[in-house]
Structures are given as C-alpha cells and as structure tokens.
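Please find below some notes for a reader who is meeting this structure for the first time. They go from the chain as a whole to single parts of it.

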Amino acid sequence: MSSTTTWVAETPVAPDRRARLWWEVAIVLGLSLGRSAVYSIVEIIDDSTKGTALADQTTSINPAQSDREVFDFLYQVLGALFPLFAVALVVYLLWEPGRSGFRRIGLEFRQPGRDVLRALLLVAVIGVPGILFFAATRLLGITVTVQASTLDTHWWTVPVLVLVALRAGLQEEVIVVGYLFTRLRQLGWGTWPIILGAAVLRGSYHLYQGFGPFIGNAVMGVVFGWCYTRWGRVMPLVVAHVIIDVISFVGYPLAVALWPHIFA
C-alpha cells in the first residue's frame with residue numbers, strides 16, 4: 001500500500017470518543033442512505049408478499065414528478081441538489097484543523113489522469129459484468145423490471161439525468177466509502193469488516209429493485225471498498241459511478257427517442 005494514501009493515516013480513537021462517533025454515524029446515515037436502506041427493505045418485503053412475482057413488477061429510478069414540464073424540471077433539479085447537502089455535511093465533519101476534509105478522503109483534483117484511468121478500469125470491471133448479471137437475475141425472477149428513466153424527452157432530460165448521476169456518485173461514494181470507512185476505522189473496525197459492512201449497506205438501499213441488484217451492488221461495494229483501501233481516494237470511485245449511471249440513465253431516453261417503435 002502506498003504511503004501517500006489517506007487511508008493509512010486513520011487510526012482508532014480513544015474509547016471515550018467512540019460513543020459520540022457512533023451517534024454521528026447514526027445521524028448521518030439516518031439523514032441520507034441509511035434512511036434509503038430502511039425504506040428499501042420495507043419495500044422489498046412489501047413487494048415479496050403481494051402474491052405477484054418480482055419479475056412481473058416494475059419500478060422506476062427517475063420518474064416524472066409533474067405532468068407540467070417546467071415543474072417536472074424544477075422537481076428533478078431540486079431532488080438532485082438537496083441530497084448533496086448530506087455530502088457537504090460529511091466533508092465538513094471530516095474536516096480538522098490543518099486537515100482538509102476533501103483531501104482526507106481524496107475528493108480533489110491532484111491526480112486527474114490517474115483517477116480517470118482507475119475509473120475506466122472500474123467501469124470495465126463492474127459496468128459490463130453488472131449488465132449481464134442484471135439480465136441473469138431478471139431471468140431468475142429475483143429482480144423487478146427497472147426503468148432507468150420514465151422522464152419524457154425534453155431538451156433538459158439528458159442534462160438532468162447527468163446531474164442525477166453526479167448526485168448518486170457523490171452521495172454514495174463520499175458517504176458510504178469516504179466518510180463511513182474513515183469513521184469505522186476510527187471506531188476500531190478492521191479493513192474487511194468495514195468493506196463488507198459498507199457493501200451490505202450499499203446493497204440494502206438498492207433492494208427496492210429486487211434481490212439481484214442487492215447482490216450486484218454489494219459486490220460493487222466490495223470492489224470499490226477494496227480499491228479505496230488501496231488508493232485512499234474516492235475520486236476515481238465517484239467518476240466510475242457517474243459514468244456507469246450516465247450510461248444507464250441516459251441510454252434509456254436516447255433509445256426511446258431513436259427507436260420509439262421498440263418501446264411503444
């Protein structure tokens with residue numbers, strides 16, 4: 001492991017500080033992705049007990065919010081921006097005198113070339129196999145039909161979906177990896193318990209899509225988490241996540257626009 005990574009600088013805090021850190025982690029997750037995980041768990045229980053197979057059910061990731069274009073646009077933008085306050089919060093919480101919260105988790109632009117190359121590697125390792133795995137779980141009947149976007153095709157559809165992808169990349173990688181890995185390390189957890197715990201959390205807030213996406217995202221969490229412990233930087237994870245989501249989100253409305261008869 002390189003001595004320049006931020007990960008090796010994290011050490012367990014004194015026992016008398018740990019209760020406060022646990023409360024902080026609980027509050028952060030309760031305000032962000034932990035809340036999403038709870039709702040997702042309740043939703044998968046609901047879906048699994050309806051008497052209808054998961055394969056015959058449908059969920060939408062980026063549904064329209066209004067039948068009036070201007071308000072749909074406003075709701076979409078606001079829905080993408082407000083979760084970023086939780087991202088700002090964890091960076092603020094990680095900030096210490098003489099130690100930037102951004103630099104602490106590697107969320108800056110000191111290594112743009114290396115970060116992009118690492119991101120593209122992750123896209124190749126996670127993105128393509130992920131699509132095949134999703135298709136397999138659909139055939140197995142453990143995944144609902146996921147519509148990556150049900151937005152009507154407006155001039156702003158693609159920019160908004162890119163914004164949503166950026167929000168998802170920052171929210172998940174900064175909170176679940178950068179912040180949570182740091183705090184759990186300070187709380188005395190070992191490397192693999194941290195990686196596996198964060199991976200289960202990542203999978204949990206995707207359970208509303210079915211058990212297949214839970215497994216797929218948990219595996220993604222293991223790979224991303226291991227890479228973070230090696231690289232000490234969340235930036236390549238954010239870039240990779242955004243690329244994967246842009247391909248998923250933007251590909252759907254573009255396909256509808258180019259081949260409307262297929263999706264009619």
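1. Among contacts in the protein chain (heavy atoms within 4.5 Å) between residues at least 6 apart in sequence, 79% join residues at least 24 apart. This is a predicted model, in which local features need pLDDT of at least 70 and side-chain atom pairs count only at pLDDT 80 or more, while totals for chains, interfaces and linings use all residues. Residues are numbered from 1 along each chain as its sequence is written, and side-chain values use heavy atoms, with hydrogens and water left out.

2. Eleven helices and two strands make up the secondary structure of the protein chain, where helices (H or I, at least four residues) and strands (E, at least two) are DSSP runs, numbered from the N terminus. Of its 264 residues, 45% count as buried, a term that means under 20% relative accessible area, with exposed meaning over 50% and partly exposed in between (1.4 Å probe, protein chains only).

3. In helix α1, the residues L21, E24, V25, V28 and L29 are buried. They cover an arc of only 125 degrees around the axis, and therefore lie on the same side of α1, the arc being that of the directions from the helix axis to the C-beta atoms. D16, R20, W23 and L31 are exposed on the other side of α1, whereas its buried residues pack against α2 (33–48), α4 (84–94), α7 (157–186) and α8 (191–204).

4. K50 has its place in the loop between α2 and β1 (58–60), and is partly exposed, with a relative accessible area of 49%. The C-alpha atoms of K50 and V162 are separated by 34 Å.
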